[in-house]
Amino acid sequence: MSILNEISENLQKGKAKIVKELVQQAVDEGIPVKQILDEGLLSGMSIIGVKFKNNEVFVPEVLVAARAMNMGAQVLKPLLVESGIEAVGKVCLGTVKGDLHDIGKNLVKMMLEGKGLEVIDLGTDVPPEKFIETAQNENCDVICCSALLTTTMGVMQEVVDAAKNAGIREKVKIMVGGAPVNQNFCEQIGADYYTPDAATCAEVAVGLFSA
Amino acid sequence: MKFYLITGFLGAGKTTFLKNFIRLLAPKRIFLIINEFGKEGVDGKLLREMNSVLAEINNGSIFCSCRLDKFEETLATAIAQKPDVIVTEASGLADPTNISHLLSKYSEISYEGSICLADAVQLPRVYHTAVVAHKQLAVAGLVLLNKTDIAKPEQKEAARELILQANPLAHIEETEYGRIKSDWLKHLKPSSAQEMASELRDITLQKSTLEVSFNMSRDMMLHCLKQLSESTYRMKGFLKLADGNFYADCTGPDVQLKPWQGETNNRLVLLAGRGMPLRKAIKQALSWYDKYLTMIKEDEHDG
Amino acid sequence: MNPKELLFSTLRHEVTERAPWVPFAGVHAGKLTGVDATEILTDEDKLVDALMEVNRLYKPDGQPVVFDLQLEAEILGCDLVWSKDGPPSVANHPLADTMNIPCRCTLPTPDAGRMPMVLSAMRRMKAAVGETTALYGLLCGPFTLASHLRGNDIFMDMYDDDEYVKDLMSFCVDSGKKMIDMFVDAGMDVIAIVDPLVSQISVDHFEEFLSEPFAELFRYIREEKKVFSSFFVCGNATRNIEVMCKTAPDSISVDENVDIIAAKAVCDQYNVVIGGNIPLTSVMLHGTQQDNMKFVVDMLAKLDEYKNFIVAPGCDMPYAVPVENTIGAAQAVLNTADSAEMVKNYTSATFDIEVELPDYENLERPLVEVFTLDSATCAACTYMMGAANVVKGTFREKIDLVEYKFTEKENIARCMKMGVTNLPCIYINGQLKFSSIIPSTEELEEAVNEVL
């Protein structure tokens with residue numbers, strides 16, 4: 001098995017220490033940094049994403065895989081900066097105001113990072129202004145809003161309106177998700193995309209940048 | 001009969017204060033109810049001279065917020081002996097918020113209020129890690145800001161601020177070595193904050209007991225205590241070791257292992273709270289000193 | 001058979017004449033009496049009033065007393081953030097930075113946190129409706145409780161420190177037993193262990209960490225407390241249904257993420273009752289009354305017989321569910337055949353029936369029109385009609401009163417023509433005055449006086 005495959009396999013099993021060692025080894029062997037990232041780390045995370053979508057793996061598996069990915073990415077980070085490789089795009093993400101649930105939001109974050117996107121995590125209970133402010137100051141291309149409660153999903157409408165009022169609605173894509181949210185709701189509030197799970201969210205988001 | 005409740009977080013100087021307080025109350029007959037971490041500090045001779053009695057509440061009621069039954073047993077014994085005064089020293093980790101409710105069942109008792117000892121230097125640290133420290137202050141009628149001799153002015157000021165934040169009505173007196181003056185007692189009154197709406201727990205408080213082998217040497221024990229001290233508020237034990245009998249008495253990083261003449265039971269009791277990785281530290285100690293230490297699982301099904 | 005006995009009969013796995021109905025009106029109960037979610041969960045009198053209204057309008061065979069998975073977490077030191085239209089959320093996790101197993105001495109007791117008010121409300125409900133309605137005592141499942149205490153790290157711990165997770169689960173099981181003791185003592189007939197997070201882990205993890213704790217809790221409920229049990233889960237728990245059955249609860253309750261008919265097939269193998277799964281958002285919250293009736297009618301039509309099946313919402317109903325939607329669902333469970341007919345008539349050719357509406361502008365005297373599903377069978381409709389009859393008794397020949405039952409095709413057409421969507425309701429002189437919530441005699445009299 002090639003070392004990149006090995007990285008991917010161990011990442012899927014959540015073996016963080018081994019992944020870190022293997023990534024270092026791959027660097028020492030002279031494999032291009034971008035290739036280690038794409039074919040080792042990101043491809044492993046992508047497989048986890050698909051399995052999660054298909055209900056073959058669950059929250060704990062995704063969390064440990066993401067941890068392993070981050071351990072490997074730490075080794076690569078300085079080298080990526082050195083060689084001038086930049087993130088594919090920038091996303092800001094948060095659970096909307098009034099809602100403290102973050103499991104789903106965290107999964108989305110990991111999947112987005114697993115696609116090579118830079119993610120600014122605003123945490124939970126995020127007011128609409130905070131999304132907009134961050135998108136403006138950090139130059140984000142996408143805003144991702146999460147909600148678990150039927151009573152807080154309405155805040156997503158406020159995020160869309162705030163983006164309009166700030167004059168950045170044309171510049172940013174707004175994506176929504178969470179248990180009570182659906183396509184209808186997304187259209188009704190004028191958001192751009194609804195995705196039913198974290199992996200699909202990452203696929204759609206990365207698609208926005210490659211287009 | 002009068003009832004005084006003495007509180008204060010671990011290491012605030014309750015035991016030293018008690019000696020002074022007993023002398024202050026003399027010649028009244030005193031019944032002293034003390035937690036298991038306080039007994040050694042109280043001199044039996046002093047008690048006899050004062051014609052007073054001491055009872056210890058052990059194990060299980062260390063967080064006496066939830067195990068008041070054992071306290072009530074002892075209290076009944078005390079009342080039966082008809083002393084002039086009952087003084088109860090709560091454990092440093094005790095939640096005293098429901099004590100006045102409990103005492104109201106006994107018509108013969110007049111609850112005078114709670115005196116809380118606060119360490120002028122350490123208060124900010126314990127205040128932010130332990131919910132009980134906050135509660136002890138909240139129900140106190142009189143707060144003694146202790147150890148002011150070693151505290152800087154800004155430390156005293158910070159401590160005062162915290163005390164008033166927990167209890168805007170508290171009367172504060174500065175002192176050192178747990179000294180108390182009789183006219184301070186006139187400020188003592190049962191606090192109304194005692195009637196809290198509901199009872200909530202602090203689940204970060206931890207208590208564990210280790211059984212220590214006779215074959216362990218003093219040096220080894222000392223190393224072990226130092227390792228554990230970083231993850232504990234308090235450790236105590238009367239230990240028969242390979243090279244003699246010792247009294248382990250540790251408060252935070254201050255580790256003491258002194259020669260001991262009295263009885264031993266080779267049990268080391270450890271107390272810890274929020275942010276202290278006691279479970280991990282014990283696991284490590286058990287693996288490093290596997291021939292000498294065993295864990296006693298008493299908490300698991302107690303309650 | 002009395003409603004409670006009917007539910008018990010189902011829980012004993014017997015065939016019944018109709019399916020039992022257990023509306024999970026937690027905070028939603030407050031909507032019936034106009035109090036918010038926080039009040040429902042903290043004020044005993046307001047809670048009991050609202051639950052009595054649930055009992056009156058929704059005709060439950062079984063009903064929960066308090067639906068709040070944060071009750072234990074609050075006692076154990078989690079800070080809560082309160083909401084007016086939902087249960088509180090846990091804001092912090094005491095064990096997040098202190099990886100210890102709490103002392104057993106901190107386990108919930110009758111005087112801890114909100115327990116005094118919860119237990120008292122249970123006793124009052126038992127005295128008021130306990131003869132005819134089975135009461136559910138709901139506790140936070142051990143896995144969800146462990147996550148409240150430890151935070152999201154509990155998922156990582158499953159890989160990093162399995163012993164810790166097992167010890168913490170064991171503490172949470174002991175907490176559950178304390179809750180069970182108190183709930184059974186307060187008269188609860190069914191103990192439901194509600195563990196939404198079960199759907200977030202694999203079958204392997206369930207078996208490693210959850211099988212034993214749940215099996216022990218259900219054993220405790222069955223053998224030592226001798227009451228019925230239920231296992232509530234939320235989310236897509238499809239893969240875990242079988243391992244849940246193996247922990248031997250009397251019943252399982254699932255939400256719309258699970259195909260309930262497929263899940264029933266699994267449950268039947270283990271002779272476990274399954275309950276569910278009216279969709280909370282799309283049908284109950286955002287759907288119409290007819291949508292709710294239709295969902296229940298269609299679901300029941302898929303069953304061969306009424307055995308091992310309970311009709312219930314997917315989980316705790318959102319606060320703002322329109323009252324008429326639940327009334328519609330109730331009607332569909334309690335009078336399935338009639339409701340099936342109504343749904344059929346509603347969705348098919350009723351448009352060709354010509355109905356003439358009164359000339360509301362030129363009436364001789366005030367006209368009170370009561371639209372009902374069927375005042376003979378639907379409880380809310382009975383009360384609505386009853387209120388109108390009382391007022392008619394007062395005003396006598398000064399007003400006209402008429403009832404339109406939705407069971408008649410012609411009346412369905414009339415509803416459509418007038419734009420009536422929610423039943424029961426009262427129109428006065430062609431204007432909608434009261435919808436779903438029954439007015440007091442004074443309120444109705446006042447409304448009549450306004451047009452007299």
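I began with chain A and chain B: no contact joins them, and their closest C-alpha atoms lie 20 Å apart. For me, two residues are in contact if their C-beta atoms, placed from the backbone, lie within 7 Å. I am working on a predicted model, where local features need pLDDT of at least 70, side-chain atom pairs count only at pLDDT 80 or more, and totals for chains, interfaces and linings use all residues. Residues are numbered from 1 along each chain as its sequence is written, while chains are lettered from A and ligands numbered from 1 in the order in which they are written.

**Who touches whom**

Which chains share the most contacts? Of the 2 pairs of chains in contact, I found that this is chains B and C.

I then turned to chain A against chain C, where 17 residues of chain A are in contact with 20 residues of chain C. On the chain A side, α4 (59-82) and α5 (103-114) each supply at least two residues. The largest share, 4 residues, comes from α4(A). I take helices (H or I, at least four residues) and strands (E, at least two) as DSSP runs, numbered from the N terminus. By class, I noted 10 nonpolar, 6 polar and 1 charged on that side of chain A. Here Ala, Val, Leu, Ile, Met, Phe, Trp, Tyr, Cys and Pro count as nonpolar, Asp, Glu, Lys and Arg as charged, and the others, Gly among them, as polar.

**A helix pair in chain A**

Next I looked at α2 (residues 16-28) and α3 (residues 33-53) of chain A, whose axes come within 9 Å and cross at roughly 145°. Axes are lines fitted to C-alpha atoms, for helices over the stretch in contact, with angles from 0 to 180 degrees between N-to-C directions. I found A:V23, A:A26 and A:V27 of α2(A) meeting A:V33, A:I36 and A:G40 of α3(A). That contact has 5 nonpolar, 1 polar and no charged residues.

**One residue in chain B**

Leaving aside neighbours within four places in sequence, B:A78 is in contact with B:F31, B:I33, B:A55, B:P83 and B:I86.
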